[in-house]
Amino acid sequence: MTKTELYHNLVDQLGALLSGERDLLANAANTASLIYHSLPELNWAGFYFLRDDVLVVGPFQGKPACTRIALGKGVCGSAAEQHRTVVVENVHQFPGHIACDGASNSEIVVPLVQDDRLIGVLDLDSPAFGRFDADDQAGLEAVAEVFLRYTDGVYS
């Protein structure tokens with residue numbers, strides 16, 4: 001199966017999984033689990049949600065994570081601040097990288113923007129260098145679109 005086919009299947013599975021549910025935390029938990037168990041070479045997959053101008057860890061799969069990340073800091077904070085996906089082949093060379101798990105070597109972060117408002121980010125880490133590419137970016141941006149389509153962005 002090609003990477004494109006893998007992401008098409010993931011998007012279809014996610015749509016079916018989230019259909020009929022609007023809760024942010026429930027959908028984030030199921031999305032993180034589906035991603036983590038569907039994609040190879042991951043050691044972390046999950047969400048950070050914006051609260052009071054700080055990203056706060058949400059549902060995830062993997063080792064314990066950093067609890068709070070300031071906007072503009074690390075890969076997650078940069079993607080959130082810029083409202084664009086950030087792909088990092090080697091996190092050890094990313095200025096200001098926040099090492100939550102020393103085993104992570106590459107990362108991709110997709111901002112979650114709903115009604116022109118940042119609600120958080122989808123974050124994936126891998127122990128492999130160069131794990132994420134343009135196909136992953138397109139696939140995970142499609143995953144994020146499905147997540148946002150089925151989810152109310154209120155986190156309180």
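Predicted model: local features only at pLDDT ≥ 70, side-chain atom pairs only at ≥ 80, totals over all residues.
The structure holds one cavity of 30 Å³ or more. Its lining is made up of 19 residues, and those lying nearest the centre of the cavity are I98, C100, E107, D123 and D125. Among the elements, β1, α3 (74-82) and β6 each supply at least two residues of that lining, and α3, with four residues, gives the most. The composition of the lining by residue class is set out below.

| Class of lining residue, largest cavity | Number of residues |
|---|---|
| Nonpolar | ten |
| Polar | four |
| Charged | five |

**Overall fold**

The secondary structure of the protein chain comprises four helices and six strands, and these elements follow one another from the N terminus in the order α-α-β-β-β-α-β-β-β-α. The radius of gyration of the chain is 14 Å, close to the 15 Å that the globule rule gives for 156 residues, so the chain is as compact as a globular protein of that length. Taken along the principal axes, the box filled by the C-alpha atoms is roughly 40 × 40 × 25 Å. Of the 156 residues, 48% count as buried, and among the contacts with a sequence separation of 6 or more, 55% are made by residues 24 or more positions apart.

**Nonpolar cores**

The largest nonpolar core has 28 residues, of which I35, L112, L122, L124 and F147 touch the most other members. At least two residues of this core come from each of α1 (3-18), α2 (24-38), β1 (44-51), β5 (106-114), β6 (117-126) and α4 (134-149), with the largest share, six residues, supplied by α4. Apart from this core lies another one, of 17 residues, which includes V75, V86, V91 and V121.

Which residues does L122 touch, not counting those up to four places away in sequence? With that exclusion, L122 touches I35, G46, F47, I108, V109, V110, L112, L140 and V143. Two of these partners, I35 and L112, are themselves listed with L122 among the core residues that touch the most other members.

Methods:
Residues numbered from 1 in each chain as written. Heavy atoms only, no water. Core = buried A, V, L, I, M, F, W, Y, C linked by side-chain atoms within 4.5 Å. Buried < 20%, exposed > 50% of the residue type's maximum accessible area, 1.4 Å probe, protein only. Contact = heavy atoms within 4.5 Å. 1 Å grid on protein atoms, 1.4 Å probe; cavity = no way out; pocket = protein on both sides within 12 Å on 5 of 7 lines; lining within 4 Å. Points joined across faces, edges and corners; volume = space filled by probe spheres on them. Nonpolar A, V, L, I, M, F, W, Y, C, P; charged D, E, K, R; others polar. Rg over C-alpha atoms; globule rule 2.2 N^0.38 Å.
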